[in-house]
Amino acid sequence: MAKKSRRSFITSVLACIAFVAAAVWSWDLPFADIASYLVLLLVFLLVIIVAALGFGALLNWLRGRKK
């Protein structure tokens, strides 16, 4: 049997896909808009990850400098 966290992740992904499908069907949202929003979301996610890695490296450097 799958772990509870894995099931909830799969359920969340399926719910997100269902919401996007409902938006396409009911609001006649073009697939080009969905693709552009997805690219924009991935760019923002990449910026957040790079900033977190940068701050982590800075904190690591600051902690190691005191020794």
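This is a predicted model: local features need pLDDT of at least 70, side-chain atom pairs count only at pLDDT 80 or more; totals for chains, interfaces and linings use all residues.
Residues are numbered from 1 along each chain as its sequence is written, and side-chain values use heavy atoms, without hydrogens and water.

A pocket is an open set of points on a 1 Å grid over the protein atoms alone, where a 1.4 Å probe fits, with protein on both sides within 12 Å along at least five of seven lines; lining residues have an atom within 4 Å of a point. The largest pocket holds about 170 Å³ of space. Its lining has six nonpolar residues, no polar and no charged.

Now colour by helix (a DSSP run of H or I, at least four residues). The chain has two helices and zero strands. Helix H1 (4-27) and helix H2 (31-65) each give the pocket lining at least two residues. H2 supplies the largest share, four residues.

Next, select Leu-38, Leu-41, Leu-42, Leu-45, Ile-49 and Leu-53. They make a nonpolar surface patch of about 590 Å². Patch residues have over 30% relative accessible area and no salt bridge, and nonpolar side chains are joined within 5 Å.

Stop at Leu-53, in helix H2. Is Leu-53 buried or exposed? Leu-53 counts as exposed because its relative accessibility is 59%; exposed means over 50%, buried under 20% (1.4 Å probe, protein chains only).

Finally, show the whole chain. Buried residues make up 3% of its 67 residues.

Notes. Grid points are joined across faces, edges and corners, and a volume is the space filled by probe spheres set on the points. Ala, Val, Leu, Ile, Met, Phe, Trp, Tyr, Cys and Pro count as nonpolar, Asp, Glu, Lys and Arg as charged, and the others, Gly among them, as polar. Patches are made of residues with over 30% relative accessible area and no salt bridge: like charges are joined within 9 Å, nonpolar side chains (Val, Leu, Ile, Met, Phe, Trp, Tyr) within 5 Å. Accessible areas come from the Shrake-Rupley method with a 1.4 Å probe; for residues, only the protein chains shown count as cover. A salt bridge is a side-chain nitrogen of Lys or Arg within 4 Å of a carboxyl oxygen of Asp or Glu.
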